[in-house]
Amino acid sequence: MKIKTPATAKIAFPADWIRQWSPIGLILLLTTALYLYKLGTESLWIDELYSVHDAKQIELNHSLIHKIATIRPLYYILLKIWMLFGTNDAWLRGLAVIFGLGSVFLVYRLGRRVAGETTGLISALLLALSPLFINFSQMVRMYSLGTCLALGGSLALAHALEKPTASAMGWWASTRILMFLTTPLNGTLLLPDVLLFGLKFRKQRRVLLAFSKWLLLVIVFCLPSAFSLVSGTTSAVGGWLSEPQQAGLVEIIRKLNHFSAFPFPSTSKLMSLFYKTYTLMLAGLLAIALFKKHRSARLLWVAAWAFLPSAMLYLVSQRLWVDRYILFVAPYVLILLAAGFLRVWRLQRILAIGVAIVYAIAVSGGLVRYYTVQDRQDWQGIMQTISINEKPGDVIVLSGGSASEKAPSALRHYYQGSAPIKRQPELCPTTKIKPSTVENALRSLSPFPSRLWLVCGDFDQKAFQRVFGETFDLQTWHQFANWNFYRENDYLNLILVTPKIGNLVAPPIHSAAKK
């Protein structure tokens, strides 16, 4: 028998280390390539511009203390620091890429802890290839950071459930606090956290008391943000609660398609049928993963993190049942899918190969669509067009539902000209337009500019002639990409109009418009 000497042991250790970390290292390299590919190709859409605007408002001094007490400040503080080193679009999105990479690594660690090395690697690969997660990891928004912190807290709790040490519980509390200060809706993970820990240690009062102290710390730190969230959205939440729930079981199951492939419309009946079959396949994998006879007890932890927060948000309002708000549960769903696939692999390898092929086709379709079709609102193109063609006295008006009150300031990221940017929500000529509404909107612009750049979502040329034709001339009309996952041929419209001779004040709506 060959005995290892200290020298040979030193040689063997790096080899073991390389074998252990090479698979996840390769997945992270693939993730980096996917997340950096075409990172700065598309313009920042309006919510990304809001992020840049909000980060600019933060002063890195005493006022930062006030900002910490408001809703989801953590990402904006980090973005403010990140912007000290650059402000081009690719660089701004790079911050979210870092947290996307962190999420892939953490889902590997969590999957590995609850179901083994292979499950962890497959889970990480599924998240790395998810077009939906790539989308949010290439966005100047807080969602990839919120998901990363959510996974970090769950991994900490998994450690605490196995060995309830003070360090594990402290790690859990810290990540949950930071998560809540990033995306408050992710705080719904506290429900499964408390249930899992309470059930596991229900007969150990000393352990429950120790955990309760850390839970109390989480609540104390999160209360200011919670109060700000409730007080700032009371009217909106009231409206959401009054809305009837329309999404049934089919819509809920369809989220499996969103998490793994991509939610995009298709005019092909064959592709539509394929993705419906694919979604049913995913539901079957979940069922197999959670089938009691072969289920790992720890997979119930993952199921709790996946389904309890989703159910809470769904029951509160369907308005919360959208991809960006429930993105943080996607990694847990993918862990369950990985576990279900491995179970199929052990039972019937030919069937498992078929499942893998179908999954690869579905995800490939989503990736091709994501990288080849422009989805984000092209505000850069709009502002560049105005900058090239503007003249003294021009006015820019944002209309329709594409911009909030802070949009004029946010668009200064792209526009450096001298024309004022105003917001008038109900000025776009559409088939639903009311002449009296347009009349009031035009009067608010008095004295009326000699040239008006009107930016709106919907635009109907016949409606323009009906409402504006006797008063304005349509000079140019440009269309730019708009953000809409679920509808093809959706555009932002840029219309340059000039008043007819003698109408340099806010004109009346003519009788023809009222017919």
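1. The lining of the largest cavity in this predicted model consists of 11 nonpolar residues, with no polar and no charged ones. Leu452, Leu454, Phe464, Phe468 and Val497 lie nearest the centre of the cavity. Two or more lining residues come from each of β3 (451-456), α22 (461-468) and β5 (491-499). The volume of the cavity is about 80 Å³, and a search of the whole structure finds one cavity of 30 Å³ or more.

2. On the surface, Leu191, Leu195, Leu199 and Met312 form a nonpolar patch with about 330 Å² of accessible area together. Helix α10 (residues 190-200) gives the most to this patch, three residues. Leu195 is in helix α10 and has a relative accessible area of 41%, so it counts as partly exposed.

3. Side chains of opposite charge can pair when their charged atoms come close. The count of salt bridges here is nine. One of them joins Asp54 and Lys406 (3.0 Å, N to O). Asp54 lies in helix α2 (residues 46-57) and Lys406 in the loop between β1 (394-398) and α20 (407-410), so the bridge ties together parts 352 residues apart in sequence. Asp54 is buried, at 14% relative accessibility, whereas Lys406 is partly exposed, at 29%.

4. Arg176 and Asp193 form another salt bridge, with their closest N and O atoms 2.6 Å apart. Arg176 belongs to helix α9 (residues 166-180) and Asp193 to helix α10, 17 residues apart. Are these two residues buried or exposed? Arg176 is buried, at 1% relative accessibility, and Asp193 is buried, at 0%.

5. Glu48, Arg93 and Arg376 are linked in a network of salt bridges.

How values were computed:
Residues numbered from 1 in each chain as written. Predicted model: local features only at pLDDT ≥ 70, side-chain atom pairs only at ≥ 80, totals over all residues. Heavy atoms only, no water. 1 Å grid on protein atoms, 1.4 Å probe; cavity = no way out; pocket = protein on both sides within 12 Å on 5 of 7 lines; lining within 4 Å. Points joined across faces, edges and corners; volume = space filled by probe spheres on them. Helix = DSSP H or I, 4+ residues; strand = E, 2+ residues; numbered from the N terminus. Nonpolar A, V, L, I, M, F, W, Y, C, P; charged D, E, K, R; others polar. Patch = residues over 30% accessible without salt bridge, like charges linked within 9 Å, V, L, I, M, F, W, Y side chains within 5 Å. Areas by Shrake-Rupley, 256 points an atom, 1.4 Å probe, with all protein chains shown as cover. Salt bridge = Lys/Arg side-chain N within 4 Å of Asp/Glu carboxyl O. Buried < 20%, exposed > 50% of the residue type's maximum accessible area, 1.4 Å probe, protein only.
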